[in-house]
Amino acid sequence: MSVSLEDYRAAIALGEERHFGRAARRLGVTQPALTARLRRLEAAIETRLFDRGRGGAAPTAAGLAFLDGARRVLDAAAETHEAAQGAAAGRGQVLRIGATHYAAHQVLGAVLTRFRARHPDVRIKLKEGATARLEAALERRELDAAFAHPPLHCSELSDRLLAETRFIRFERSAGDPLIPYPRAEAPVLMGALARAEEARSQNARGRDAHARDARGRDARSVALAEADTMLGAITLAEAGYGTCAAPEDFPHRALAGWRRDEDRAEILQTSIAWRRLDRRPQVTALISAAMEAVCAAPSRSTERTDAPGDDDA
């Protein structure tokens, strides 16, 4: 027994509504029809996807995994449909690009300007996110290329270094703890920041013993918030939750008036990443545009692993 796109849509509706009646109304079908479809779906994949009770439904562990995959299937089906329609109408292919907020500011505009001048028919879908999420999306083939901050950790990806900048501490109030980023998002940079912050806290404790609480811990050594983006850290710092670390030229009005601690600057790199075996013309053309736009000086670019040559573009 095969599984249709309508089966995926029905499972997603039920998973989001958690109620057969509401899911049926959302789908425009009767409740018995939805119930019958779900039974056929579970029989087809030989797995129980939902626990039922008094009209309600809660996804099982298998159901949650199925819903995650079902959303990807529907997204892929929609993209395939759109690509076919675009080709029939004479429009170009779609290039799915990811970028961190800072990489978009730093390099992406110049790269896409150059790329569009040579390939005006290629349509762009842009997704913003943290480096770890963009890397995962590349690995899952949800993106074709990403502008992010190395090092990357997937062996199937290649990247070329495009630019570097100093990553410094901006202090709104002296002595405030640093608002941390999750280690998983950028483990090397975040680890360096954590070590620098620990050294700073130790120095502060030595100079200012009265700041310790009753347990002997520096009362101001731990931030009360965490952010997964640079913009989020700046917003939290504005609200008084601590101080933040960001690229020295990060485009935010608040940073202009804050003290810049440049003594322990780290280096933030930005690269373009893609799947190593992906040699489609639009991908290699984007890589070429990136290198031409921001890597005119040979010393500023570094090829990480096997990369398509310019002739491939």
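Is Glu-262 buried or exposed, or partly exposed? Glu-262 is partly exposed, because its relative accessible area is 33%, and that class lies between buried (under 20% relative accessible area) and exposed (over 50%), using a 1.4 Å probe and protein chains only.

A word on the model: it is predicted, so local features need pLDDT of at least 70 and side-chain atom pairs count only at pLDDT 80 or more, while totals for chains, interfaces and linings use all residues. Residues are numbered from 1 along each chain as its sequence is written, and side-chain values use heavy atoms, leaving out hydrogens and water.

Now to the charged pairs. A salt bridge puts a side-chain nitrogen of Lys or Arg within 4 Å of a carboxyl oxygen of Asp or Glu, and the count comes to 25. Here are three of them:

| Pair | Closest N and O atoms |
|---|---|
| Arg-260 and Glu-262 | 3.2 Å |
| Asp-278 and Arg-275 | 3.4 Å |

Arg-260, the partner of Glu-262, is partly exposed at 37%. By contrast, Asp-278 and Arg-275 are both buried. Salt bridges with shared partners also join Glu-16, Glu-17, Arg-22, Arg-26 and Arg-71 into one network.

Next, the nonpolar interior. A nonpolar core is a set of buried Ala, Val, Leu, Ile, Met, Phe, Trp, Tyr and Cys residues joined through side-chain atoms within 4.5 Å. The largest one has 24 residues, and Leu-255 is among those with the most contacts inside it. Helix H8 (230–238) is one of its suppliers, giving the most, with four residues.

Technical notes. Helix = DSSP H or I, 4+ residues; strand = E, 2+ residues; numbered from the N terminus.
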